[in-house]
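This report goes through selected local features of one protein model. Please look at the sequence and the structure before reading on.

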Amino acid sequence: MQITLIYGTNTSGTYEAARLIAEELTAKKHTVRLVHARAATALQVKRAEALIFGSCTWESIKNGVRTEGELQQDFARFAAELGALQIPGKRVAIFALGDKNYTHFCNAAVHLEKLTEKIGAKIIIGHVKTC
C-alpha cells in the first residue's frame with residue numbers, strides 16, 4: 001500500500017516518530033512517503049492510498065492571548081489550505097506528540113481528527129491519551 005505520512009515538527013521529535021512509523025510500515029512491505037507539512041499539497045492527499053497525519057502539540061500567542069494545545073504551525077497552515085477538499089473513505093491514521101505538563105496534552109490529535117472528519121476521510125487509528 002502507498003501511504004503518505006504528513007507531519008509537522010519544530011524540534012524534530014515528530015519527525016523522529018514519523019521516521020520510526022515509516023520504517024515499521026516499510027518493513028511490512030508498504031511504500032511510505034514522508035512529507036513535512038510545509039511541503040505537503042492537497043494533490044498528495046488525494047493521490048495517497050492511505051494517510052497518516054502527525055503533529056506536535058504547540059502553543060501560540062495570538063493578539064496577546066496564549067493558547068496551548070494547537071497544531072504545529074506548518075500543519076495548521078496546511079490544514080487551512082485543504083479547505084473544502086473532500087476525500088470520502090480515504091483511510092487516515094493519526095498521531096501527536098506533546099508535553100504532559102500542559103493542560104491539553106497531545107491535543108494536536110484532536111485537531112487532526114477534526115480535520116480528517118472535515119475532509120470526509122475515515123479515521124482508522126485515532127488518538128489514545130497516555131499519561
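## Gln44 in helix 2

Gln44 sits in helix 2, which runs over residues 42-47. The model is a predicted one. With a relative accessible area of 13%, Gln44 is buried, because the cut-off for buried is under 20%.

The side chain of Gln44 comes to 2.8 Å from the backbone nitrogen of Thr41. Apart from neighbours within four places in sequence, the contacts of Gln44 are Thr4, Arg33, Val35 and Ala39.

## Helix 3

Helix 3 covers residues 73-82. An α-helix has 3.6 residues a turn, so residues three or four places apart point the same way.

Gly83 follows helix 3 and has a positive phi, near 45°.

## Helix 4

Helix 4 spans residues 108-118, and its buried residues are Ala108, Ala109, Leu112, Glu113, Leu115 and Thr116. They fall on the same side of helix 4, because their arc around the axis is only 160°. Lys114, Glu117 and Lys118 are exposed on the other side of helix 4.

The packing partners of the buried residues of helix 4 are strand 3, strand 4, helix 3, strand 5 (91-97) and strand 6 (122-125). Just after helix 4 comes Gly120, with a positive phi of about 80°.

Most residues other than glycine have a negative phi, and most peptide bonds are trans. Which loop holds Ser12? Ser12 belongs to the loop between strand 1 (2-8) and helix 1. Although not a glycine, Ser12 has a positive phi, near 85°. Ser12 counts as partly exposed, because its relative accessibility is 37%.

Lys29 is another residue other than glycine with a positive phi, in this case near 75°. The loop that holds Lys29 lies between helix 1 and strand 2 (31-36). Is Lys29 buried or exposed? Lys29 counts as exposed, because its relative accessibility is 71%.

## The largest pocket

The volume of the largest pocket is about 260 Å³. The lining is made up of 18 residues, and those closest to the centre of the pocket are Cys56, Thr57, Trp58, Gly98 and Asp99. Helix 1 (13-27), strand 3 (50-62) and strand 4 (65-71) are the elements that each give two or more residues to this lining.

Which element gives the most to the lining of the largest pocket? Strand 3 does, with four residues. By residue type, the lining of the largest pocket has six nonpolar, nine polar and three charged residues.

Key
Residues numbered from 1 in each chain as written. Predicted model: local features only at pLDDT ≥ 70, side-chain atom pairs only at ≥ 80, totals over all residues. Heavy atoms only, no water. 1 Å grid on protein atoms, 1.4 Å probe; cavity = no way out; pocket = protein on both sides within 12 Å on 5 of 7 lines; lining within 4 Å. Points joined across faces, edges and corners; volume = space filled by probe spheres on them. Nonpolar A, V, L, I, M, F, W, Y, C, P; charged D, E, K, R; others polar. Buried < 20%, exposed > 50% of the residue type's maximum accessible area, 1.4 Å probe, protein only. Arc of directions from axis to C-beta. Contact = heavy atoms within 4.5 Å. Polar contact = N/O pair within 3.5 Å; in protein donor to acceptor, adjacent residues only side chain to side chain.
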